[in-house]
Amino acid sequence: MAKYSMQDLKELREETGAGLADVKKALEEAEGDREKALQIIRVKGLKSLSKREGRSAGMGLIAAKITDTAAGQRGTLVEVNAETDFVVKTEKFINMAEVVLQAAAESGASTTEELMKAKTADGTVKDTIDAVAAIIGEKLDVANVRQVEGEAVDVYLHKSSQDLPPTVGVLVATDKAGAGVAHDVAMHIAAYSPEYLSRDEVPAEAVEKERETLTEATIAEGKPEAAVAKIVEGKMNGFFKENVLLDQPYAKDPKTTVGKIVEASKGKVTGFARLQAGE
(Lines give C-alpha, C1' and ligand atoms only; values in the text may rest on other atoms or scores of the structure.)
Protein backbone atom coordinates (compact mmCIF):
# COMPACT_ATOMS: atom_id res chain seq x y z
CA MET A 1 0.00 0.00 0.00
CA ALA A 2 1.31 3.45 -0.93
CA LYS A 3 2.67 5.51 1.92
CA TYR A 4 0.87 8.83 1.89
CA SER A 5 -1.40 10.68 4.28
CA MET A 6 -4.71 12.46 3.85
CA GLN A 7 -2.72 15.68 4.19
CA ASP A 8 -0.54 14.63 1.22
CA LEU A 9 -3.71 13.95 -0.75
CA LYS A 10 -5.22 17.31 0.19
CA GLU A 11 -2.06 19.32 -0.56
CA LEU A 12 -1.45 17.69 -3.94
CA ARG A 13 -5.05 18.23 -4.96
CA GLU A 14 -4.86 21.90 -3.96
CA GLU A 15 -1.57 22.29 -5.81
CA THR A 16 -2.77 20.72 -9.04
CA GLY A 17 -6.51 21.31 -9.01
CA ALA A 18 -6.92 17.73 -10.25
CA GLY A 19 -9.82 15.53 -9.18
CA LEU A 20 -9.64 13.57 -5.93
CA ALA A 21 -9.68 10.18 -7.67
CA ASP A 22 -6.90 11.21 -10.09
CA VAL A 23 -4.69 12.48 -7.27
CA LYS A 24 -5.25 9.31 -5.23
CA LYS A 25 -4.37 7.08 -8.19
CA ALA A 26 -1.25 9.11 -8.94
CA LEU A 27 -0.02 8.90 -5.33
CA GLU A 28 -0.63 5.16 -5.27
CA GLU A 29 1.19 4.67 -8.57
CA ALA A 30 4.08 6.82 -7.33
CA GLU A 31 4.13 4.92 -4.01
CA GLY A 32 3.61 8.14 -2.12
CA ASP A 33 6.34 10.14 -3.89
CA ARG A 34 4.90 13.63 -4.35
CA GLU A 35 7.09 14.67 -7.30
CA LYS A 36 6.46 11.41 -9.17
CA ALA A 37 2.72 11.77 -8.53
CA LEU A 38 2.80 15.31 -9.93
CA GLN A 39 4.53 14.05 -13.08
CA ILE A 40 2.00 11.22 -13.48
CA ILE A 41 -0.88 13.70 -13.25
CA ARG A 42 0.79 15.92 -15.85
CA VAL A 43 1.50 13.11 -18.32
CA LYS A 44 -2.01 11.71 -18.07
CA GLY A 45 -3.38 15.21 -18.48
CA LEU A 46 -1.39 15.83 -21.67
CA LYS A 47 -2.72 12.61 -23.15
CA SER A 48 -6.31 13.64 -22.48
CA LEU A 49 -6.14 17.26 -23.70
CA SER A 50 -7.92 16.41 -26.95
CA LYS A 51 -10.75 14.71 -25.07
CA ARG A 52 -11.52 17.99 -23.30
CA GLU A 53 -11.90 20.08 -26.44
CA GLY A 54 -15.67 19.78 -26.49
CA ARG A 55 -16.10 20.65 -22.84
CA SER A 56 -17.09 24.08 -21.59
CA ALA A 57 -14.81 26.34 -19.54
CA GLY A 58 -17.55 28.40 -17.96
CA MET A 59 -16.01 29.54 -14.67
CA GLY A 60 -13.29 32.17 -14.63
CA LEU A 61 -11.52 35.18 -13.30
CA ILE A 62 -10.61 38.65 -14.50
CA ALA A 63 -7.04 39.92 -14.03
CA ALA A 64 -5.83 43.46 -14.67
CA LYS A 65 -2.55 45.32 -15.03
CA ILE A 66 -1.63 48.97 -15.65
CA THR A 67 1.69 49.85 -17.27
CA ASP A 68 3.28 53.19 -18.05
CA THR A 69 3.73 54.25 -21.68
CA ALA A 70 5.39 57.18 -23.42
CA ALA A 71 1.99 58.87 -23.75
CA GLY A 72 0.64 57.96 -20.30
CA GLN A 73 -0.67 54.56 -19.28
CA ARG A 74 -2.09 51.39 -20.76
CA GLY A 75 -4.50 49.09 -18.95
CA THR A 76 -4.89 45.40 -19.76
CA LEU A 77 -7.73 43.06 -18.82
CA VAL A 78 -7.82 39.31 -19.41
CA GLU A 79 -10.53 36.73 -18.78
CA VAL A 80 -9.17 33.24 -18.10
CA ASN A 81 -11.59 30.35 -17.62
CA ALA A 82 -11.74 26.82 -16.23
CA GLU A 83 -14.56 24.31 -15.85
CA THR A 84 -15.11 24.61 -12.07
CA ASP A 85 -14.82 27.27 -9.40
CA PHE A 86 -12.67 24.87 -7.38
CA VAL A 87 -9.93 25.20 -9.99
CA VAL A 88 -10.42 28.94 -10.48
CA LYS A 89 -9.47 29.67 -6.88
CA THR A 90 -6.38 27.43 -6.80
CA GLU A 91 -2.95 29.02 -6.59
CA LYS A 92 -1.80 27.24 -9.75
CA PHE A 93 -4.66 28.65 -11.84
CA ILE A 94 -4.30 32.16 -10.40
CA ASN A 95 -0.55 32.12 -11.07
CA MET A 96 -1.21 30.96 -14.64
CA ALA A 97 -3.66 33.84 -15.13
CA GLU A 98 -0.94 36.27 -14.00
CA VAL A 99 1.43 34.82 -16.62
CA VAL A 100 -1.26 35.27 -19.28
CA LEU A 101 -1.88 38.84 -18.08
CA GLN A 102 1.82 39.69 -18.20
CA ALA A 103 2.09 38.29 -21.72
CA ALA A 104 -0.93 40.37 -22.78
CA ALA A 105 0.52 43.54 -21.27
CA GLU A 106 3.95 43.02 -22.83
CA SER A 107 2.68 42.02 -26.27
CA GLY A 108 -0.15 44.53 -26.53
CA ALA A 109 -2.37 41.74 -27.88
CA SER A 110 -5.83 42.99 -28.82
CA THR A 111 -7.40 39.60 -29.65
CA THR A 112 -7.34 36.18 -28.00
CA GLU A 113 -5.73 34.77 -31.15
CA GLU A 114 -2.83 37.20 -30.80
CA LEU A 115 -2.58 36.56 -27.07
CA MET A 116 -2.39 32.77 -27.44
CA LYS A 117 0.74 33.29 -29.59
CA ALA A 118 2.36 35.78 -27.16
CA LYS A 119 5.62 34.72 -25.54
CA THR A 120 5.94 33.25 -22.04
CA ALA A 121 8.68 31.37 -20.20
CA ASP A 122 7.07 28.11 -21.42
CA GLY A 123 7.03 29.19 -25.07
CA THR A 124 3.66 30.80 -25.76
CA VAL A 125 0.50 31.49 -23.80
CA LYS A 126 -1.03 28.41 -25.43
CA ASP A 127 1.89 26.28 -24.25
CA THR A 128 1.49 27.62 -20.71
CA ILE A 129 -2.24 26.92 -20.65
CA ASP A 130 -1.80 23.42 -22.08
CA ALA A 131 0.86 22.58 -19.48
CA VAL A 132 -1.36 23.68 -16.58
CA ALA A 133 -4.44 22.03 -18.08
CA ALA A 134 -2.50 18.77 -18.25
CA ILE A 135 -1.89 18.91 -14.50
CA ILE A 136 -5.30 20.21 -13.47
CA GLY A 137 -7.33 17.92 -15.73
CA GLU A 138 -9.82 20.56 -16.89
CA LYS A 139 -10.29 22.55 -20.06
CA LEU A 140 -8.72 26.00 -19.63
CA ASP A 141 -8.92 28.92 -22.01
CA VAL A 142 -8.40 32.63 -22.49
CA ALA A 143 -11.84 34.01 -23.31
CA ASN A 144 -11.15 37.74 -23.67
CA VAL A 145 -8.47 40.41 -23.66
CA ARG A 146 -8.92 44.20 -23.63
CA GLN A 147 -6.42 47.05 -23.86
CA VAL A 148 -7.18 50.70 -23.01
CA GLU A 149 -4.74 53.61 -23.29
CA GLY A 150 -4.87 57.19 -22.08
CA GLU A 151 -3.05 59.88 -20.13
CA ALA A 152 -4.21 58.01 -17.00
CA VAL A 153 -5.89 54.61 -16.58
CA ASP A 154 -7.71 53.35 -13.49
CA VAL A 155 -8.88 49.82 -12.72
CA TYR A 156 -11.64 48.32 -10.62
CA LEU A 157 -11.97 44.60 -9.92
CA HIS A 158 -15.12 43.18 -8.35
CA LYS A 159 -15.55 39.87 -6.53
CA SER A 160 -18.96 38.22 -6.72
CA SER A 161 -17.88 35.92 -3.89
CA GLN A 162 -15.22 36.58 -1.28
CA ASP A 163 -13.69 33.12 -1.64
CA LEU A 164 -13.23 33.48 -5.41
CA PRO A 165 -10.99 35.75 -7.54
CA PRO A 166 -12.51 38.83 -9.23
CA THR A 167 -15.16 38.07 -11.86
CA VAL A 168 -15.71 41.64 -13.13
CA GLY A 169 -13.00 44.01 -14.27
CA VAL A 170 -13.18 47.58 -15.56
CA LEU A 171 -10.58 49.92 -17.04
CA VAL A 172 -11.23 53.66 -17.39
CA ALA A 173 -8.93 55.94 -19.39
CA THR A 174 -9.02 59.69 -18.72
CA ASP A 175 -6.99 62.80 -19.22
CA LYS A 176 -4.99 63.87 -16.16
CA ALA A 177 -7.77 66.14 -14.89
CA GLY A 178 -10.29 63.30 -14.94
CA ALA A 179 -8.09 60.86 -13.01
CA GLY A 180 -9.68 61.91 -9.70
CA VAL A 181 -13.12 60.54 -10.64
CA ALA A 182 -11.92 57.59 -12.75
CA HIS A 183 -12.19 54.97 -10.00
CA ASP A 184 -15.76 55.94 -9.09
CA VAL A 185 -16.66 55.87 -12.78
CA ALA A 186 -15.09 52.40 -13.07
CA MET A 187 -17.23 51.16 -10.17
CA HIS A 188 -20.29 52.61 -11.90
CA ILE A 189 -19.40 50.79 -15.13
CA ALA A 190 -19.01 47.51 -13.23
CA ALA A 191 -22.60 47.83 -11.98
CA TYR A 192 -24.36 49.39 -15.00
CA SER A 193 -22.55 47.78 -17.98
CA PRO A 194 -22.73 50.61 -20.56
CA GLU A 195 -21.86 49.65 -24.12
CA TYR A 196 -20.67 53.02 -25.39
CA LEU A 197 -18.81 56.03 -23.98
CA SER A 198 -20.81 58.76 -25.70
CA ARG A 199 -23.75 59.09 -28.09
CA ASP A 200 -21.29 59.72 -30.91
CA GLU A 201 -19.91 56.20 -30.47
CA VAL A 202 -23.26 54.45 -30.93
CA PRO A 203 -23.32 53.03 -34.48
CA ALA A 204 -25.74 54.89 -36.75
CA GLU A 205 -27.42 51.62 -37.76
CA ALA A 206 -28.09 50.75 -34.09
CA VAL A 207 -29.68 54.16 -33.50
CA GLU A 208 -31.80 53.89 -36.64
CA LYS A 209 -32.95 50.36 -35.79
CA GLU A 210 -33.98 51.43 -32.29
CA ARG A 211 -35.81 54.50 -33.65
CA GLU A 212 -37.71 52.35 -36.17
CA THR A 213 -38.68 49.85 -33.47
CA LEU A 214 -39.88 52.60 -31.14
CA THR A 215 -41.80 54.29 -33.96
CA GLU A 216 -43.64 51.08 -34.82
CA ALA A 217 -44.42 50.44 -31.16
CA THR A 218 -45.68 54.00 -30.63
CA ILE A 219 -47.96 53.84 -33.67
CA ALA A 220 -49.27 50.45 -32.50
CA GLU A 221 -50.16 52.09 -29.16
CA GLY A 222 -52.56 54.34 -31.05
CA LYS A 223 -50.75 57.62 -30.39
CA PRO A 224 -51.69 60.61 -32.59
CA GLU A 225 -49.59 60.71 -35.74
CA ALA A 226 -48.52 64.30 -35.08
CA ALA A 227 -47.12 63.29 -31.68
CA VAL A 228 -45.27 60.13 -32.72
CA ALA A 229 -41.93 61.79 -33.58
CA LYS A 230 -41.76 63.67 -30.27
CA ILE A 231 -42.70 60.58 -28.26
CA VAL A 232 -40.08 58.50 -30.06
CA GLU A 233 -37.35 61.06 -29.37
CA GLY A 234 -38.26 60.95 -25.70
CA LYS A 235 -37.97 57.18 -25.71
CA MET A 236 -34.65 57.41 -27.56
CA ASN A 237 -33.29 59.36 -24.60
CA GLY A 238 -34.16 56.32 -22.50
CA PHE A 239 -32.22 54.14 -24.93
CA PHE A 240 -29.15 56.37 -24.59
CA LYS A 241 -29.44 56.43 -20.79
CA GLU A 242 -29.39 52.65 -20.75
CA ASN A 243 -26.46 52.14 -23.14
CA VAL A 244 -24.26 55.28 -23.08
CA LEU A 245 -21.93 55.83 -20.11
CA LEU A 246 -22.03 59.62 -20.03
CA ASP A 247 -25.85 59.62 -20.24
CA GLN A 248 -26.40 57.10 -17.46
CA PRO A 249 -27.70 58.18 -14.04
CA TYR A 250 -24.66 58.13 -11.77
CA ALA A 251 -24.63 55.11 -9.44
CA LYS A 252 -23.71 57.15 -6.35
CA ASP A 253 -26.24 59.90 -7.10
CA PRO A 254 -28.95 59.01 -9.65
CA LYS A 255 -30.16 62.62 -9.68
CA THR A 256 -27.17 63.49 -11.83
CA THR A 257 -25.37 61.73 -14.70
CA VAL A 258 -21.92 60.28 -15.15
CA GLY A 259 -21.30 62.94 -17.77
CA LYS A 260 -21.99 65.76 -15.31
CA ILE A 261 -19.74 64.17 -12.68
CA VAL A 262 -16.90 63.99 -15.19
CA GLU A 263 -17.61 67.53 -16.38
CA ALA A 264 -17.43 68.81 -12.78
CA SER A 265 -13.93 67.35 -12.50
CA LYS A 266 -12.95 69.46 -15.53
CA GLY A 267 -11.62 66.26 -17.06
CA LYS A 268 -12.58 63.78 -19.76
CA VAL A 269 -13.14 60.05 -19.98
CA THR A 270 -11.44 58.95 -23.18
CA GLY A 271 -12.16 55.23 -23.13
CA PHE A 272 -13.20 52.23 -21.06
CA ALA A 273 -13.40 48.45 -21.12
CA ARG A 274 -15.45 46.01 -19.05
CA LEU A 275 -15.12 42.24 -18.78
CA GLN A 276 -17.25 39.80 -16.81
CA ALA A 277 -16.24 36.18 -16.49
CA GLY A 278 -18.63 33.84 -18.25
CA GLU A 279 -20.41 36.46 -20.35
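**Reading the protein: sheet, helix and a buried threonine**

A compact globule of 279 residues would have a radius of gyration near 19 Å, but this protein has 24 Å. The radius is taken over C-alpha atoms, and the globule rule is 2.2 Å times the number of residues to the power 0.38. This is a predicted model: local features need pLDDT of at least 70, side-chain atom pairs count only at pLDDT 80 or more, and totals for chains, interfaces and linings use all residues. Residues are numbered from 1 along each chain as its sequence is written, and side-chain values use heavy atoms, with hydrogens and water left out.

Trainee: What box do the C-alpha atoms of the protein fill?

Mentor: Roughly 85 × 50 × 30 Å, taken along the principal axes.

Trainee: How many helices and strands does the protein have?

Mentor: Eleven helices and ten strands. Both are DSSP runs, numbered from the N terminus: helices are H or I with at least four residues, strands are E with at least two.

Trainee: What makes E1 and E2 a pair?

Mentor: Two strands pair if DSSP finds at least two bridges between them. E1 and strand E2 (residues 72-82) have eleven bridges, in the antiparallel sense. Therefore they count as paired. Thr-67 stands opposite Arg-74 in E2.

Trainee: What is the strand order of the open sheet of three strands?

Mentor: E1-E2-E5, with antiparallel pairing. Strands E1 (59-69) and E5 (141-150) are the edge strands.

Trainee: Why are E1 and E5 called edge strands?

Mentor: Each pairs on one side only. From one strand to the next, the twist averages 15°.

Trainee: Which helix packs on the sheet?

Mentor: Helix H5 (residues 91-107), touching E1, E2 and E5. Contact means heavy atoms within 4.5 Å. The direction of H5 makes about 140° with that of E2. Axes are lines fitted to C-alpha atoms, for helices over the stretch in contact, and angles run from 0 to 180 degrees between N-to-C directions.

Trainee: Why is Thr-76 called buried?

Mentor: Buried means under 20% relative accessible area, exposed over 50%, partly exposed in between (1.4 Å probe, protein chains only). Thr-76 has 0%, so it is buried. Its place is in strand E2. Among the residues Thr-76 touches are Ala-63, Leu-101, Val-145 and Leu-171.

Trainee: What joins the side chains of Thr-76 and Gln-147?

Mentor: A polar contact of 2.7 Å. The term means a pair of N or O atoms within 3.5 Å; within protein, one must be able to donate a hydrogen and the other to accept it, and residues adjacent in sequence count only if both atoms are side-chain atoms.

Terms used:
Lists of a residue's contacts leave out its neighbours within four places in sequence.
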